[in-house]
Amino acid sequence: MKGVRGERLSGEFQKEISSIISGQLRNKYPELSAIISVTEADVAPDLKSAKVYISVFDPNKEKAENSFEIIKENAGFIRRELSKVMHLRTVPELRFLKDGSMEYGEKIDKILNDLETGNERND
């Protein structure tokens, strides 16, 4: 969604969805990973759909994957809770997507560290 209103709405969606996940959803599913971030919410101009990018950090990859699946399965619950907080005629259908930027950042850090370590050995 473009424009000032769209950016503001996306920011509000991001904040509220994050709050719902860390509050009601965590109470419902205590096995959720400790660090779950809503990195972006991209709301369509017609407010019928929204892509919500989620980043889950957990040393246990299986637990992180399970947490993401729980969030995807509870899209309807999150949408219902969102409708109670957001005063809109229509609350968009939520589509949760993985945000791989943290994993990508870790990969780049590892490559840089390996290069740095390799250079030190050659000195």
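This is a short talk on how helices α1 and α3 pack, with a brief stop at S67.

Okay, housekeeping. It's a predicted model, where local features need pLDDT of at least 70, side-chain atom pairs count only at pLDDT 80 or more, and totals for chains, interfaces and linings use all residues. Numbering starts from 1 along each chain as its sequence is written, and side-chain values use heavy atoms, with hydrogens and water left out.

So, α1 covers residues 3–28 and α3 covers 75–85; helices here are DSSP runs of H or I, at least four residues, and strands are E, at least two, numbered from the N terminus. Their axes sit 10 Å apart at about 120°, with axes fitted to C-alpha atoms over the stretch in contact and angles running from 0 to 180 degrees between N-to-C directions.

Who touches whom? From α1 you've got F13, E16, I17, I20, I21, Q24, L25 and K28, meeting F77, I78, E81, L82 and V85 of α3, contact being heavy atoms within 4.5 Å.

Now α3 itself. A75, F77, I78, E81 and L82 are buried, that is, under 20% relative accessible area, with exposed over 50% and partly exposed in between (1.4 Å probe, protein chains only). Exposed R80 and K84 are on the face turned away.

Last one: S67, in α2, is buried at 1%. Beyond neighbours within four places in sequence, S67 contacts E31, L32, S33, I36 and V56.
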